[in-house]
Amino acid sequence: MPALRIGTCGWSLAQGAYFARFSAIEIQNTFYEPPQLATARRWRQAAPPGFAFAVKVWQLVTHPSTSPTYRRLKTHLDETALRECGYFQLTPAVEMALVRTLEVAEALGAQALLFQTPASFAPEERFIRNLRAFFRAHPPAATRLCVWEPRGPWPEGLVGELCRELGLVHGVDPFAARPATRGTAYFRLHGIGGYRHRFTDAELDRLASEIRQRLEAQEDVWCFFNNVTMADDAARLAARL
C-alpha cells in the first residue's frame, strides 16, 4: 500500500499535540544547526509508532557562507572552512556537515533527507558537476529518500534527468511547478505568493485530488506545509484524505 504522510516544516505545535494530529514532520533545526543527538533520540522515543521523520540537511552542505541563514549558525568555523561551505563541494567542511546531519537522521530513524539548494545554485555546469560528484561519492541509501529541492530557474527536464541519474526525488511546491520525478512525491507548500498565504478550500481540494491520483498510482506521498497557517492547513488537508 502506498504511504501518505502529512505534516509541517518544523514543530508548528507543542510536541504532544503535533504527534496526536500528524503522521510526519520535516525537521528544520538541522538546517540551521543540528540538535544534540540526545535531543533527537528524545523526539524519536516520544513519537508514536509509524510516525515518520524527514530531515533538512545542514546548510553547510548546500548554502555558501554568504547566505543570510548563517546568522543562526552556532558552530564556529574559521575563514578556510567558511570558504569551503555550500554548493555540494567535496571539502572537509561539507563532509563534516553531512556526517553530523546523518548522525541526527540515524538518531531519529529518519526516512528522508531534504537537500534544499538556494537560487544562487543555478543550472550551470560547475554546479551540475558538484551535484554529480557529491551524490556519486555519497549515493542515497536504499532505506532513505534523498530529496532535492532546487530553487531558481532549473528546467524540469534537467532536474528530472539529474534526479534519475543520481537516485534523487524532486522536492517541489505543486502550486509552483510539476514534480520532475515519479514513484514518490515530496511536496513542500510554501504558500501561493509567499509565507503569509492561507490555503483556500478550493486549493486544498485541488491538492487532495492530485494526492489521491498519486496514491491510486501506487506512489508514496509526503506533504509538508511551510506557511503562516501551516498546522491548520495541514490538518484541513488531512481531513480531506
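1. A salt bridge here is a side-chain nitrogen of Lys or Arg within 4 Å of a carboxyl oxygen of Asp or Glu. The pair links distant parts of the chain, with glutamate 161 in helix α8 and arginine 132 in helix α7, 29 residues apart. Helices (H or I, at least four residues) and strands (E, at least two) are DSSP runs, numbered from the N terminus. Glutamate 161 is partly exposed, at 40% relative accessible area; buried means under 20%, exposed over 50%, and partly exposed in between (1.4 Å probe, protein chains only).

2. A word on the model: it is predicted, so local features need pLDDT of at least 70 and side-chain atom pairs count only at pLDDT 80 or more, while totals for chains, interfaces and linings use all residues. Residues are numbered from 1 along each chain as its sequence is written, and side-chain values use heavy atoms, with hydrogens and water left out.

3. Glutamate 165 is partly exposed at 35% relative accessible area, and arginine 136 is exposed at 57%.

4. Now the helices themselves. The axes of α7 (residues 125-137) and α8 (residues 156-166) come within 10 Å and cross at roughly 20 degrees. Axes are lines fitted to C-alpha atoms, for helices over the stretch in contact, and angles run from 0 to 180 degrees between N-to-C directions. That makes α7 roughly parallel to α8, a term for angles under 35 degrees.

5. Which residues in α7 and α8 meet? Ile128, Leu131, Arg132, Phe135 and Arg136 in α7 meet Leu158, Glu161, Leu162, Glu165 and Leu166 in α8, where contact means heavy atoms within 4.5 Å. These residues divide into six nonpolar, no polar and four charged.

6. Elsewhere, arginine 144 and glutamate 106 join their side chains in a salt bridge of 3.0 Å, N to O. Arginine 144 sits in the loop between α7 and β5 (145-150), and glutamate 106 in helix α6 (residues 92-108), 38 residues apart.

7. Finally, the whole structure has 17 salt bridges.

How values were computed
Angles under 35 degrees count as roughly parallel, over 145 as roughly antiparallel, 65 to 115 as roughly perpendicular and the rest as oblique. Ala, Val, Leu, Ile, Met, Phe, Trp, Tyr, Cys and Pro count as nonpolar, Asp, Glu, Lys and Arg as charged, and the others, Gly among them, as polar.
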